[in-house]
Each structure stands twice: as structure tokens, then as C-alpha cells.
Amino acid sequence: MKQLAPDVWAYTIEAEGFPTTSAVVLTPRVALVVDTLTGPAEVAPVAGFVASAAGERRVVVVNTHHHWDHVFGNAAFAGEDIVAQRGCPRLIQAELQGGDESLRLPPPEGVPLPNVTFGDRLTYSDAGGSVHLIHTPGHSEDSIVVFLTDSRLLLGGDTVEWPLPNFGQRDGRDDWVRTLRQLKQLPADLVVPAHGPAMGKQIIDANELYVTGVYEAVSAAKAAGAARGELDLPAERFLAAGVVVDDVYAAAHRDNLLWAWDEV
Ligand SMILES: [Zn+2]
């Protein structure tokens, strides 16, 4: 576990080439586990850390959204409350029944669904400050972020991602841009995406430029007669100078182009 702030730790694995992070937040009364990675075995080090560090605190699992690499380890926290946005349980069920992530088999332990849900915002407050779970649609309709007022730290889930985000909500562009502009208003010093390094708020601007830039460019290319599979729009065109895109993110970018093509 890597300590990011006095009360925040992170643990990162690699999932199909994507660095993927689970975080633990200790408030005076609650131990929050934010995302459970790709399975109980993969998240076991986090479960072990929480078991020893939580003390008298109540353990609460948070799923930032329904995608497999954020929820498939839920069974490692059997018996604890699992909190998510209202749309999340239905979307996990759809995923398990062969929906959008049908290539990934769930773990033999199963995937316990979130049992505590909310709409726009859920806040845990105590002497150490507040932890806000905030609905931030765009990457997926059920996406949330976790904002810690005391440490001025934002756990971004997949709402922000580095070096570029993955498109995952059909017709979600406007939601996403609205969300990113809203996130910029939060008094955060450190932003920790589920995929990518901890950094400052520049990741929010970078993602907004990428999302708006890709949709504009794909729309223009389509209007000019380009074919769906032949878009010549390299990722670097939508990123800050010097940002390196590896093979995994180059492939994610190509998927994003096709995703946008089907909407514009
Ligand atoms: Zn996701």
C-alpha cells in the first residue's frame, strides 16, 4: 500500500495493461475501500490492510462504477456495506448476464451487488472532515468520484484518466464535459484516477480537451467523407505536448474514435 495522504492509501495492479488502483480512506469512524479491482485474489492485499488498520471503524466498500475492474473483488469484503450510485447494481447485473463486458468471467466467489445506493451525493462527516461521494456521469452513467475535504484529495474513478479517458457512456459527451467542469470547482490539490498516476487538477483540463477534441475531429472527418475504420487521428493530437501514449492507450484511443463515430 502506498500512502498518498495522512489518511489515504492506494494499491495498484495491472489489469489487461491498465494500471488499476484501489484506495483506502480512514476517517475517525469509517474505513472506506474505494473499488475492489478485478477479483478477490487481486484485492486481497487491500482487504488485509483494512483488516489490520480499520480497528473499531466500520468498513464501507465504495464502487466508483459498475465496470468489472472496479467491482469484481467485492466478494473479498463479504458482509460489509457496498455503496454506489443508484444505477450501479442494475448495470453490474447486466454486465454479469453477458452485457458490455461479456469477455470477462466473474470470479467463482461471485460479485456481491451494492446494497446502499444514492442519487446525486452521499456524505460521510465526522471530526476529521467530510467525504463526499458525488455522481459524475460521463464515462458511465453511474460514475462517481470521492472527494476528501480535509486532505483536499479527489479519487476520480474513471471520470478522469491518464493519459486519456475511455469512452463508455452512450451519448455521454455532454454529461462528461459538464461533470469535468464541475470537478474543476472542487478545492482539490491531488487527483487520483483509478487508472494513472496521482497528479494535480491538470488531468481534468486534459480530459476535457481530449473529449471535446475527439468528438469535434471525428465529426469533421465523418462530414468530410472518411470511413469509420480509417480515421487518421492519432491520440497525440488531442493531448498536451510530450505526453506519451503506450500501445494499450493507443488502442483505447482507437476504440474511442469508433465510439465517437457512432454518435456524431
Ligand atoms: Zn470504467
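**Before you start**

You are looking at a predicted model, in which local features need pLDDT of at least 70, side-chain atom pairs count only at pLDDT 80 or more, and totals for chains, interfaces and linings use all residues. Residues are numbered from 1 along each chain as its sequence is written.

**Stop 1**

Select residues 2-5, which are strand β1, and 116-118, which are strand β7. Strands here are DSSP runs of E with at least two residues, helices are runs of H or I with at least four, and both are numbered from the N terminus. These two are the edge strands, each pairing on one side only. Two strands pair if DSSP finds at least two bridges between them. Across the open sheet the order is β1-β2-β3-β4-β5-β6-β7, and the pairing is mixed. From one strand to the next, the twist averages 25 degrees. Angles run from 0 to 180 degrees between N-to-C directions, and axes are lines fitted to C-alpha atoms, for helices over the stretch in contact.

Now pick β5 (residues 58-62) and β6 (residues 81-85), which run parallel and are joined by three bridges.

**Stop 2**

Ile134 faces Val145 in β10.

**Stop 3**

Next, show α5 (residues 202-223) and α6 (residues 247-261), which pack at about 65 degrees with their axes 9 Å apart. Colour Val214, Tyr215, Val218 and Lys222 in α5, then Asn256, Leu257, Ala260 and Trp261 in α6: here the helices meet. Residues are in contact if their C-beta atoms, placed from the backbone, lie within 7 Å. Six of the contact residues are nonpolar, one is polar and one is charged. Nonpolar covers Ala, Val, Leu, Ile, Met, Phe, Trp, Tyr, Cys and Pro; charged covers Asp, Glu, Lys and Arg; the others, Gly among them, are polar.

**Stop 1: Ser219**

Finish on Ser219, in helix α5. Why does Ser219 count as partly exposed? Because it has 14 C-beta neighbours inside 10 Å, and partly exposed lies between buried (20 or more other C-beta atoms within 10 Å, placed from the backbone) and exposed (12 or fewer). From Ser219, draw a C-alpha to C-alpha distance to Ala260: it is 8.1 Å, though the two are 41 residues apart in sequence.

Note on methods:
Two residues are in contact if their C-beta atoms, placed from the backbone, lie within 7 Å.
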